[in-house]
Amino acid sequence: MDFEHMSEVDTAYHILTEKKEPMHYKDLITAVIEATHRPVQSLAMAISEIYTLINMDSRFHYEGESKWGLTEWVPPEVKRSSSRSSSGSSKTAAAKETTRKKKLESIQN
């Protein structure tokens with residue numbers, strides 16, 4: 001595939017599609033830089049720019065532990081009716097909230 005004529009974010013999408021598993025963001029961005037053959041003056045700046053593009057693109061899904069995958073790999077959440085709520089669903093909600101907090105902490109660190 002000719003990555004030289006693609007945007008960085010499209011290249012990242014194709015790399016993940018071929019790999020078929022989440023990648024650490026630095027490995028993914030390094031692969032994007034190598035695949036596009038574009039000159040990079042500052043690696044830190046390139047990482048920041050590409051990471052921002054990935055973060056803003058709805059095709060990508062943050063998996064946790066600094067890894068990114070594709071949204072299409074994530075099964076859709078089963079929505080429960082509030083009339084059927086039970087103690088199990090409140091435990092599930094608490095577990096999701098805990099997971100969300102961990103993801104936010106890992107992004108901030």
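Start by selecting threonine 11 and showing what surrounds this residue: setting aside neighbours within four places in sequence, its contacts are Phe3, Met6, Val32, Ala35 and Thr36. Keep in mind as you look around that this is a predicted model.

Stay on threonine 11 for a moment. The residue sits in helix H1, and because its relative accessibility is 0%, threonine 11 counts as buried.

Next, colour H1 together with helix H2, residues 25–36. How do the two helices meet? Their axes come within 9 Å and cross at roughly 110°, which means that H1 is roughly perpendicular to H2. The crossing of this pair is right-handed.

To see where the helices touch, show side chains on both. From H1, pick Glu8, Thr11, Ala12, Ile15 and Leu16; from H2, pick Leu28, Ala31, Val32, Ala35 and Thr36. Colour this selection by class and you will find 7 nonpolar, 2 polar and 1 charged residues in the contact of H1 with H2.

To finish, centre the view on threonine 11 again: this buried residue is one of those that H1 brings to the contact with H2, and Val32, Ala35 and Thr36 are among its own contacts.

Notes
Residues are numbered from 1 along each chain as its sequence is written. This is a predicted model: local features need pLDDT of at least 70, side-chain atom pairs count only at pLDDT 80 or more; totals for chains, interfaces and linings use all residues. Side-chain values use heavy atoms; hydrogens and water are left out. Helices (H or I, at least four residues) and strands (E, at least two) are DSSP runs, numbered from the N terminus. Buried means under 20% relative accessible area, exposed over 50%, partly exposed in between (1.4 Å probe, protein chains only). Contact means heavy atoms within 4.5 Å. Axes are lines fitted to C-alpha atoms, for helices over the stretch in contact, and angles run from 0 to 180 degrees between N-to-C directions. Angles under 35 degrees count as roughly parallel, over 145 as roughly antiparallel, 65 to 115 as roughly perpendicular and the rest as oblique. A crossing is left-handed if the near helix is turned anticlockwise from the far one by less than a right angle, and right-handed if clockwise. Ala, Val, Leu, Ile, Met, Phe, Trp, Tyr, Cys and Pro count as nonpolar, Asp, Glu, Lys and Arg as charged, and the others, Gly among them, as polar.
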